[in-house]
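Hello,

Here is the structure I promised to send over. Have a look at it first, and then read on for my notes.

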Amino acid sequence: MIPLADDIPSRRLPIITYLIIALNILVFFFELSLGPHLDRFIRIFGAVPWRIIHWQQYPLVLITLFTSMFLHAGWMHLFGNMLYMWIFADNVEDAMGHLRFLFFYLACGLAAGLAQVYVLSLI
């Protein structure tokens, strides 16, 4: 079942949630505008596990753990992620506060990227 709404009202405007959703959508439209250059863009800003494991050779590659949080592989990937952000993140932001929620979002994205690197390094 796909959720369409929740019934928990927020006490304050979820500004960080709205900004994250907007940033994700803007980055996705930028990706679409790249046409044949999209592959290069993904190689530069996507988290490539081999390069992250060998970060000493590519020290700036660690930033891709953050930039990759805003990349999406297609319309359904973007829609699914943003739907769940829209429905659930406002309540989390309301409970945590704006700044703590932003740090929580970034920390979770960083942890997800590192988990992906770890799992793929086992293969």
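Is phenylalanine 29 buried, partly exposed or exposed? With a relative accessible area of 43%, phenylalanine 29 is partly exposed (buried means under 20% relative accessible area, exposed over 50%, and partly exposed in between, using a 1.4 Å probe and protein chains only).

Before the rest, a word on how to read the values. This is a predicted model, in which local features need pLDDT of at least 70 and side-chain atom pairs count only at pLDDT 80 or more, while totals for chains, interfaces and linings use all residues. Residues are numbered from 1 along each chain as its sequence is written, and side-chain values use heavy atoms, with hydrogens and water left out.

**The overall picture**

The protein chain has six helices and zero strands, giving the pattern α-α-α-α-α-α along the sequence (helices, H or I of at least four residues, and strands, E of at least two, are DSSP runs numbered from the N terminus). Its C-alpha atoms fill a box of roughly 50 × 30 × 30 Å along the principal axes. Of the 123 residues in the protein chain, 33% are buried. Among contacts with a separation of 6 or more, 70% come from residues 24 or more positions apart (contact means heavy atoms within 4.5 Å).

**The aromatic cluster**

Back to phenylalanine 29, which belongs to one aromatic cluster with Phe28 and Trp75. The whole structure holds eight aromatic pairs (rings of Phe, Tyr and Trp, the last by its six-membered ring, pair if their centres lie within 6.5 Å; planes under 30 degrees apart count as stacked, over 60 as edge-to-face and the rest as tilted). The rings of phenylalanine 28 and phenylalanine 29 have centres 6.4 Å apart and planes at 65°, so this pair is edge-to-face. Phenylalanine 28 is buried, at 3% relative accessibility. Phenylalanine 28 also forms an edge-to-face pair with tryptophan 75, at 5.0 Å centre to centre and 75° between the planes. That pair links distant parts of the chain, as phenylalanine 28 sits in helix α1 (residues 15–33) and tryptophan 75 in helix α5, 47 residues apart.

**How α6 packs**

Helix α5 (residues 75–96) and helix α6 (residues 98–121) pack at about 125°, with axes 7 Å apart (axes are lines fitted to C-alpha atoms, for helices over the stretch in contact, and angles run from 0 to 180 degrees between N-to-C directions). That makes α5 oblique to α6 (under 35 degrees counts as roughly parallel, over 145 as roughly antiparallel, 65 to 115 as roughly perpendicular and the rest as oblique). Met85, Ala89, Val92, Glu93 and Met96 of α5 meet His98, Arg100, Phe101, Phe104 and Tyr105 of α6. These contact residues divide into seven nonpolar, one polar and two charged (Ala, Val, Leu, Ile, Met, Phe, Trp, Tyr, Cys and Pro count as nonpolar, Asp, Glu, Lys and Arg as charged, and the others, Gly among them, as polar).

α1 and α6 pack at about 40°, with axes 9 Å apart, and are therefore oblique to each other. Here Ile15, Ile16, Thr17, Ile20 and Asn24 of α1 meet His98, Phe101, Leu102 and Tyr105 of α6. This contact has six nonpolar residues, three polar and no charged.

Aspartate 94, in helix α5, is buried, with a relative accessible area of 7%. Leaving aside neighbours within four places in sequence, aspartate 94 is in contact with Pro9, Ser10, Arg11 and Arg12.

Best wishes
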